[in-house]
Amino acid sequence: MSPALRLGVAGPVGTGKSSLIALICGALAGQRSIAVVTNDIYTDEDARFLRAAGVLEPERIRAVETGACPHTAIRDDVTANLLVVEDLEAEFNPDIVLVESGGDNLTATFSPALVDAQIFVLDVAGGGDVARKGGPGIARADLLVVNKTDLGPYVGVDVAQMVADAEAARDSRPVIALSKNDPASVAKLAAWVEYVLQAKRSGAHTPTDPGPMAPHFHAEEGTWHTHDQPATTSPRHPGPVPGSPDEVRQRGRDDATSTRHPGLVPGSPDEVRQRERDDATSTRHPGLVPGSPDEVRQRERT
Ligand SMILES: Nc1nc2c(ncn2[C@@H]2O[C@H](COP(=O)(O)OP(=O)(O)OP(=O)(O)O)[C@@H](O)[C@H]2O)c(=O)[nH]1
Ligand SMILES: [Mg+2]
């Protein structure tokens, strides 16, 4: 049994991360066993989209609801994701586990404690200059995808120039120009995934961290913040470096004892936020956050 290639897919909202995952599944599911984890802030919308796409058995697609800060769950405290990845690996023995990050802005990348390699997705509809804006994902993800190239003529973007800018920002790391309507580009993407899978299996691939998260802003929090790594030793687990695979696994084991929010570190920003949401939980529909799409739907039904 070979360990699965854990492959992250990050990038701004709506650039086509779920669609790209569906393309990879469509191209490779015949010869490779694949599972998918999606991260959404409050919903399982992406998981439902992928199940509806019919590219994998529905039970191979699982959702993590990340709470307010989607970055945290793929970088600072990856426990919730890691537990779902490990469950899928135990159940299906997949060759590849794809992890989609919550769509956000240009700042978020995966921790190498969660994924072996990562794809960062931009799209031409986001503007031809985005590739020049930089950030850790654009500059140092294992692969940069410039997506929706078919839309170039409609949004006035010179796709060739955007791809050239992307290549210039990446110091020879690969860039693929992709459109779901262009089978040749989809074949290039699938070939890259196969290449990384083989590299992982032969021991030639080393997971690398694209770099620390840039300062960023969430509308609901109203302040700029960073995700600076804490000091080099963990106060909870003196010894393992915080964020290292060992420390993350250890935290996952600890959190299995937390009955209220398994997977979240007690006292962590996510756990505090989750508790605040619980406390605000609707009395009419226990378990649903007041004003959330699910609660509104439920209220409309009752
Ligand atoms: N024209 C065109 N549209 C695309 C392409 N890929 C994705 N889309 C469309 O772009 C929209 C967003 O795609 P998603 O795959 O949901 O994007 P996402 O990055 O997963 O979105 P979030 O998870 O919400 O951040 C959908 O309407 C897709 O159909 C493409 O290659 N060409
Ligand atoms: Mg998505």
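The model is predicted: local features need pLDDT of at least 70, side-chain atom pairs count only at pLDDT 80 or more, and totals for chains, interfaces and linings use all residues. Residues are numbered from 1 along each chain as its sequence is written, and chains are lettered from A and ligands numbered from 1 in the order in which they are written.

The protein has 12 helices and nine strands. Helices (H or I, at least four residues) and strands (E, at least two) are DSSP runs, numbered from the N terminus. Of the 302 residues in the protein, 41% are buried. A residue is buried if 20 or more other C-beta atoms lie within 10 Å of its own, exposed if 12 or fewer, and partly exposed in between, with C-beta atoms placed from the backbone.

**Contacts along the chain**

- Two residues are in contact if their C-beta atoms, placed from the backbone, lie within 7 Å.
- Of the contacts between residues at least 6 apart in sequence, 70% join residues at least 24 apart.

**The sheet**

- Seven strands make an open sheet in the order β3-β2-β4-β1-β5-β6-β7, and the pairing is parallel.
- The edges are β3 (61-65) and β7, each of which pairs on one side only.
- On average, neighbouring strands of this sheet are turned by 20° against each other, direction ignored.
- Two strands count as paired if DSSP finds at least two bridges between them.
- Strands of a sheet pair through backbone hydrogen bonds, either parallel or antiparallel.

**Strand β6 and its partners**

- Strand β5 (residues 117-123) runs parallel to β6 and is joined to it by five bridges; Asp123 has Asn147 in β6 as its bridge partner.
- The pairing of β6 with β7 is also parallel, with three bridges.
- Two of the bridge partners in β7 are Ile176, for Val145, and Val175, for Leu144.
- Five of the five residues of β6 are buried, so this strand is largely enclosed by the rest of the structure.
- In a regular strand the side chains alternate between the two faces of the sheet.
- In β6, Leu143, Val145 and Asn147 point one way, Leu144 and Val146 point the other way, and all are buried.

**Helices on the sheet**

- Angles here run from 0 to 180 degrees between N-to-C directions, and axes are lines fitted to C-alpha atoms, for helices over the stretch in contact.
- Helix α9 lies across β1, β4, β5, β6 and β7, and runs at about 150° to β7.
- Helix α1 (residues 17-28) packs against helix α2 (residues 45-53) at an angle of about 35°, and their axes are 10 Å apart.
- The crossing of α1 and α2 is right-handed; a crossing has this hand if the near helix is turned clockwise from the far one by less than a right angle, and is left-handed if anticlockwise.
- In this contact, Ser18, Ile21 and Ala22 of α1 meet Asp46, Phe49, Leu50 and Ala53 of α2.
- The residues of the contact divide into five nonpolar, one polar and one charged. Ala, Val, Leu, Ile, Met, Phe, Trp, Tyr, Cys and Pro count as nonpolar, Asp, Glu, Lys and Arg as charged, and the others, Gly among them, as polar.

**Helix α8**

- In helix α8 (residues 159-168), the buried residues are Met162, Asp165 and Ala166.
- They fall within an arc of 100° when seen down the helix axis, so they line one face of α8; the arc is that of the directions from the axis to the C-beta atoms.
- Ala160 and Ala168, on the other side of α8, are exposed.
- The cover over the buried residues of α8 includes α5 (130-133), α6 (136-140), β6 (143-147) and β7 (175-177).

**Single residues**

- Leu197 belongs to helix α9 (residues 183-202) and is buried because 21 other C-beta atoms lie within 10 Å.
- Leaving aside residues up to four places away in sequence, Leu197 touches Leu5, Asp95 and Ile96.
- Glu91 sits in helix α4 (residues 79-92) and is exposed, since 12 other C-beta atoms lie within 10 Å.
- Lys148, in the loop between β6 and α7 (152-155), has a positive phi of about 60° although it is not a glycine; it counts as buried because it has 26 C-beta neighbours inside 10 Å.
- Ser172, in the loop between α8 and β7, has a positive phi of about 75° and is not a glycine; it is exposed, with 6 other C-beta atoms within 10 Å.
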